[in-house]
Amino acid sequence: MEEVRDYSEEDGLSQDRNSSGMDSKDSTKQRQTWSSQLDFIMTSIGCAVGLGNIWRFPFLCYKNGGGAFLVPYLLTFFFVAAPAYIAEISLGQYMSSGTVRAWKIAPVFQGLGFASQIILMYTNVYYIVVVAWALYYIAASFTSDLPWASCSNPWNTERCFVTGMVNNRTILTANCSNTSALDTCVTNNGTLTPVDAVQEYWERHVLRMSDGIDTPGSLVPGLVLALFVAWVLAYLCICKGVKWTGKVVYFTALVPYVLLTTLFIRAATLEGATDGLIYYLKPDFSRLIDAQVWLDGATQVIYSIGLGFGFMISLGSYNKFNNNCVRNGFIVICINGCTSLFGGLTVFATLGFMSNEMNVPIDKVASQGPGLVFLTYPKAVTQMPLSPLWSVLFFMTILFVGLDSQFASVEAFVTPILDRWPRTLYKSRNRMLIVGLYCVVSFLAGLLLVTEGGIYIFRLIDYYCVSGLLLLAMVFFEAVTLGWVFGAERFYDALELMTGNRPGPWLKICWKYLTPFIINVIFWFQLVTFKPLQFSETYEYPAWSTILGILGSLSSIMLVPLVAGYKVVKTPGSIKERLKRVSIPILKKHQIYSGWMSSGYKWVLQKYDRHDVNNPFNIDDSIDEQTELEYVKPSKSQAS
């Protein structure tokens, strides 16, 4: 349990022994910070720009009125996503702590930190599987003929077809087979439903899909190896801390833009590309009267930048205290939005080409999610000259985009653990060991997702354990905590203390009113229209797996009220006094705004540890040491 004491000159500044704030005999390392603001911006861009920018935004844009979709998207961007994103970065920088200890700014809501840890645990296990799939396809693309471009492979069935073949094939004789859900039992002169060669490669060779979630089957060796390589890459990029990661992302965050630009130039020169771009961007403003369009616009921008996971709180916590977090946050989120638009141009130029080649409407070839990445685009490259080259470039884009997000996710999970035992775990060797141990455990857990039934578990985790409803609830509680419990005005004081400038009223209005209101509306609309996950038109999840998925959702978000209730129960006094006490922030001297001295505002003052990068000798000490600080004694539940 962390020790929290009343402030006195003996416990405070005068006790430190040298200008570094560390005892000369103590080898404890200080908490790392980014080498420069650009390191932080590049890492944040890599985190915020994820697979959703490539596989979800373009689909929603064309589905909801093309260019008209940008109206709800941009409104949500300015009134929900940008304020919430800036709040998460600023909170991390202000508290210089990971997702758990950062919420000591309002201890009653410290359950938000624990909930984030559970969500990150699920995310780290399942998200990297997409990276493993991309690695598998990259390896398979180093050939003169792509393996999913023909029907002459061992995994293909008589239903297999490629572009140019007749879609319905009459079979004179066929044997009945019930060995796989993918086979159809046919009789003499029966007609088989055609299955694209790309789909058979994905389902029968890469995934080796079983009949359902209750038939997990054996491990798929190729995916096991790909998953292992993915975790090794992730470990090597984050094991030494943010100073090392901040340099790695100059490559991993910039290369996807180079590759995406290359793919766009190639796609734009293909026949039919113009039709795809028109279909993507042509505005249909009549769609704006449809509530679903507004819901899709709002949810897309919230999900795509990773709000509610705790990524940005952890990354922001490694900022120097006086960084301009408001400016940096706005830069990152603007780049995120532009990347979504640009990714859509690349995708729909390619879909327009496919539509022209196959002579079918664009909406028949467009899809979202893994279907776009591992079915639609692989089919498109088979129809291009030098198809293996374009396949490698595309899946390398997916690889780097996925790895960047994985870096941030693992760092966000590990940071609170390092903060809990700083004297030991801030040392480089110990950090490398704890990160390595976590990667090994996550790899072993992820083996469930690379079995023959792993795709069913993957979809279950994606739909329930890191679902939109869950993240909306997290962002709502965050907005309430900062806007009302700690107080938007006091958070403005904190921003002024850090940046030297006081933002205009836009952020304050959003944190207190607009953001919680809009998220609340979206949350209840989604909850009312919620439907259990259905894997496909032919397969529904059994009841037990749906219950398991719902329990996975509750395993994180329920920690918010449970931790709050625990702190209230353990605090002495009447109900009113308890609620007041557990809402008092636990702060250090450099976090105290000078105007609070005469305001009657209360806080619990926490002493500095020698590993603290924000010890008083590392910042401008604008608070008079002799001033009597107003505080209340912390209860035991606050101290923990």
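## Packing of helix 19

In this predicted model, the buried residues of helix 19 pack against helix 5, helix 20 (468-485) and helix 23 (543-557). The residues concerned are G454, I455, Y456, F458, L460, I461, Y464 and C465.

## Overall organisation

The protein contains 26 helices and six strands. Of its 640 residues, 58% are buried. Contacts between residues at least 6 apart in sequence were also considered: 81% of them join residues at least 24 apart.

## The nonpolar core

The largest nonpolar core comprises 187 residues. Within this core, the residues with the most contacts are Y85, L91, Y94, I105, W133, L227 and W596. Helix 5 (residues 111-141) supplies the largest share of the core, with 20 residues. Helix 5 is also one of the elements against which the buried residues of helix 19 pack.

## Helix 1

Helix 1 (residues 37-48) is mostly covered, with 10 of its 12 residues buried. The buried set consists of D39, F40, I41, M42, T43, S44, I45, G46, C47 and A48.

D404 is located in helix 16 (residues 387-420). This residue is buried yet forms no salt bridge. The nearest side chain of opposite charge belongs to R431 and is 14 Å away, whereas a salt bridge requires a separation within 4 Å between a side-chain nitrogen and a carboxyl oxygen.

Which side chain makes a polar contact with the side chain of D404? The partner is the side chain of T252, at 2.5 Å. Not counting residues up to four places away in sequence, D404 touches G46, C47, V249, T252 and A253. Two of these residues, G46 and C47, are among the buried residues of helix 1, and T252 is the residue whose side chain makes the polar contact.

Conventions
Residues numbered from 1 in each chain as written. Predicted model: local features only at pLDDT ≥ 70, side-chain atom pairs only at ≥ 80, totals over all residues. Heavy atoms only, no water. Core = buried A, V, L, I, M, F, W, Y, C linked by side-chain atoms within 4.5 Å. Buried < 20%, exposed > 50% of the residue type's maximum accessible area, 1.4 Å probe, protein only. Helix = DSSP H or I, 4+ residues; strand = E, 2+ residues; numbered from the N terminus. Lys, Arg positive; Asp, Glu negative; His and termini not counted. Polar contact = N/O pair within 3.5 Å; in protein donor to acceptor, adjacent residues only side chain to side chain. Contact = heavy atoms within 4.5 Å.
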